[in-house]
Amino acid sequence: MPLARSLSVTSLSGLDEWDEEFELEDAVLFEIAWEVANKVGGIYTVIQTKARMTAEEWGENYFLVGPYVESNVRTQVELIEPTNPVLKRTIDKMNASGCKVYFGRWLIEGSPYVVLIDVGFTAWSLDRWKSELWELCAIGVPWFDREANDAVLFGFLTAWLLGEYAAQSEEPPHIVAHFHEWLAGLGLVLCRQRQLPVATIFTTHATLLGRYLCAGNVDFYNNLAEFNVDKEAGDRQIYHRYCLERAAAHCTHVFTTVSQITAIEAEYLLKRKPDIVTPNGLNVKKFSAMHEFQNLHAQSKSRIQEFVRGHFYGNLDFNLDKCLFLFIAGRYEFSNKGADIFLEALARLNYLLRVNHSDVTVIAFFIMPARTNNFNVETLKGQAVRKQLWDTAQTVKERFGKKLYESLLVGQLPDVSKMLDKEDFTIMKRAIFATQRQCQPPVCTHNMLEDSSDPILNCVRRIGLFNSSADRVKIIFHPEFLSSTSPLLPMDYEEFVRGCHLGVFPSYYEPWGYTPAECTVMGIPSISTNLSGFGCFMEEHIADPSAYGIYILDRRYKGVDESCNQLTSFLFQFCKQSRRQRIIQRNRTERLSDLLDWRYLGRYYIAARHMALAKAFPDTFIYDPHEPSSASGFRYPRPASVPPSPALSRHSSPHHSEAEDNDEDERYDEELEAEKDRVNIRQPYTMPVKGKVILGANGSGEEEASEKN
């Protein structure tokens with residue numbers, strides 16, 4: 001039945017409670033995506049982290065469907081015989097008909113079953129299937145678009161799989177098929193065209209046209225209603241891809257997207273309003289004690305400091321204890337990801353820190369993969385010099401310790417002037433001379449293949465931040481994803497994030513934003529925008545996001561220069577915080593992790609599946625949402641104490657004092673601080689087990705928390 005409204009994430013208690021129970025014993029769920037056991041982008045993270053929760057709900061009747069990529073299968077998938085007899089007959093029949101379909105377990109949390117289809121093995125059918133696509137849908141796919149060709153093969157094969165499964169079932173099955181993104185969308189269109197007994201869901205994580213338009217530096221959000229979508233897609237030579245995406249959005253029983261900002265975009269560009277918004281979550285690991293994640297921050301920070309010591313050797317004229325690490329990470333989309341506005345804000349921050357004679361030094365990391373041919377020699381030399389200095393210090397320490405030990409053995413206090421001889425001084429002087437440098441520390445850690453046209457490096461040249469001694473802001477561009485096996489910065493991404501002080505993601509186009517979400521669950525404050533799904537989500541749920549270390553930059557209603565000034569203000573205020581204020585803020589940020597846990601956000605996927613079942617099988621399933629009687633909300637209010645910001649501090653908040661800077665070990669009552677916020681945080685949602693599911697059935701603890709809010 002048509003819905004009067006879209007279910008929203010305005011509140012986590014916003015979904016209506018269901019009185020009826022759903023029997024899932026005879027239902028089966030296929031979740032289909034190109035990124036199943038095949039990491040390409042953020043959809044891989046969505047499916048991987050959500051798998052455990054979905055497997056707990058659907059048990060043996062949950063199957064992920066993706067492409068067979070041999071290099072990925074070797075390391076991620078355990079191939080086994082199908083356990084479901086209907087699926088076994090289906091796969092055997094397809095393999096006997098000229099396909100190659102594999103079955104196994106994906107070796108991730110939840111160990112879900114996967115059906116992997118070798119699209120290359122059936123490439124001989126591509127021309128025939130393209131002709132059929134043209135006859136059925138009038139969509140023509142050019143021969144040179146390899147990605148679209150893969151989408152055609154994958155779509156026809158997944159439709160074949162679902163149709164064969166329905167045919168092999170002894171009783172009429174209740175199949176739910178959830179398709180992610182345009183690459184999988186053709187399978188959905190074919191299911192509807194062939195009238196298969198399948199309840200379909202289509203989720204777009206970002207619209208194709210939206211990504212292309214934003215990359216072209218257009219005023220996207222203020223002109224959404226004005227775009228001639230067919231012309232814009234044609235001008236960018238993606239009309240066939242756009243048609244596949246739009247067809248899937250219109251054919252599906254339930255259309256979902258990942259955020260409210262993307263829902264608005266989809267309504268204008270794909271011409272259909274999403275039925276429900278399904279925000280992306282994470283599997284949150286909660287620590288038994290609050291200080292545990294603070295300890296992890298300290299450990300990771302010390303490893304970053306070691307890298308900085310080597311990178312800035314010979315120019316290490318700043319105090320590392322007064323040094324703040326900022327970072328931006330993600331795909332190298334200079335404008336879409338906000339690297340342009342971040343660099344401009346850093347230049348302005350550098351000016352403010354210098355004129356205010358601040359003793360704080362900011363080191364900004366840009367972790368964005370670009371084309372390189374190797375590590376920068378000067379960067380590698382810096383790490384070698386640092387290690388040589390460490391080895392020299394260890395040698396002198398051992399010699400000193402041996403003399404001290406022998407002096408104490410004979411019962412004499414050591415003569416300090418004789419503890420170090422000329423040889424020791426010679427060794428140390430040689431080490432010091434080795435640290436002399438004739439050039440400034442490099443901005444980029446690698447040799448760029450397109451150095452003269454690289455957007456980040458060109459912007460750095462324009463603003464003049466070359467890591468000179470006079471600058472209070474330093475820049476390190478690491479054009480490669482982080483890895484624990486790197487000889488330069490041997491840290492995994494998660495470990496690196498934990499060691500930083502602030503994540504900066506001033507994106508212009510960001511349908512969701514996993515990077516600030518990952519910062520939040522690790523207790524690291526971040527800057528996001530009101531044009532990102534994450535930023536909108538946090539604004540909806542938190543009365544004062546900055547109090548919890550979530551800074552929301554206005555890029556929707558302000559011009560570029562105003563937004564840049566606001567970002568500079570955020571950065572400058574953050575630099576003025578004391579160490580104690582940053583500790584308190586990290587604790588508050590980490591407490592928001594429950595908001596991003598799949599135990600909460602998974603209920604929206606449950607709603608989408610049940611809505612699809614009710615639309616596809618109305619005689620068996622009933623879904624009748626009603627307008628809520630009141631605007632019930634779930635918003636974190638301002639914390640009981642004022643945010644730890646120098647500009648807003650009052651007597652009730654931890655405020656800056658000279659004594660704090662001198663007493664690094666000063667502690668505060670974290671339990672008391674947490675108790676003040678605890679009344680605003682619900683108990684985790686318990687995921688329904690396989691069998692009967694009641695959507696939105698809150699526990700007594702949740703209802704009680706709702707009354708308090």
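Here we take a helix pair, then a sheet.

Guide: This is a predicted model, where local features need pLDDT of at least 70, side-chain atom pairs count only at pLDDT 80 or more, and totals for chains, interfaces and linings use all residues. Residues are numbered from 1 along each chain as its sequence is written, and side-chain values use heavy atoms, with hydrogens and water left out.

Visitor: At what angle do the axes of helix α1 and helix α22 cross?
Guide: Two packed helices are described by the angle and the distance between their axes. Here α1 (residues 42-58) and α22 (residues 598-616) cross at roughly 70°, and their axes come within 10 Å. So α1 is roughly perpendicular to α22 (65 to 115 degrees). Axes are lines fitted to C-alpha atoms, for helices over the stretch in contact, with angles from 0 to 180 degrees between N-to-C directions.

Visitor: Which residues in α1 meet α22?
Guide: Among them are Val-46, Met-53 and Trp-58, and the α22 side includes Tyr-605 and Arg-609 (contact means heavy atoms within 4.5 Å).

Visitor: What is the strand order of the open sheet?
Guide: Its 9 strands run β4-β5-β6-β3-β2-β7-β8-β9-β10, with mixed pairing (two strands pair if DSSP finds at least two bridges between them). The edge strands, β4 (77-79) and β10 (276-277), each pair on one side only. β4 pairs with β5 (residues 101-106) in the antiparallel sense over 3 bridges, and Leu-79 has Gly-104 in β5 as its bridge partner.

Notes. Helices (H or I, at least four residues) and strands (E, at least two) are DSSP runs, numbered from the N terminus. Angles under 35 degrees count as roughly parallel, over 145 as roughly antiparallel, 65 to 115 as roughly perpendicular and the rest as oblique.
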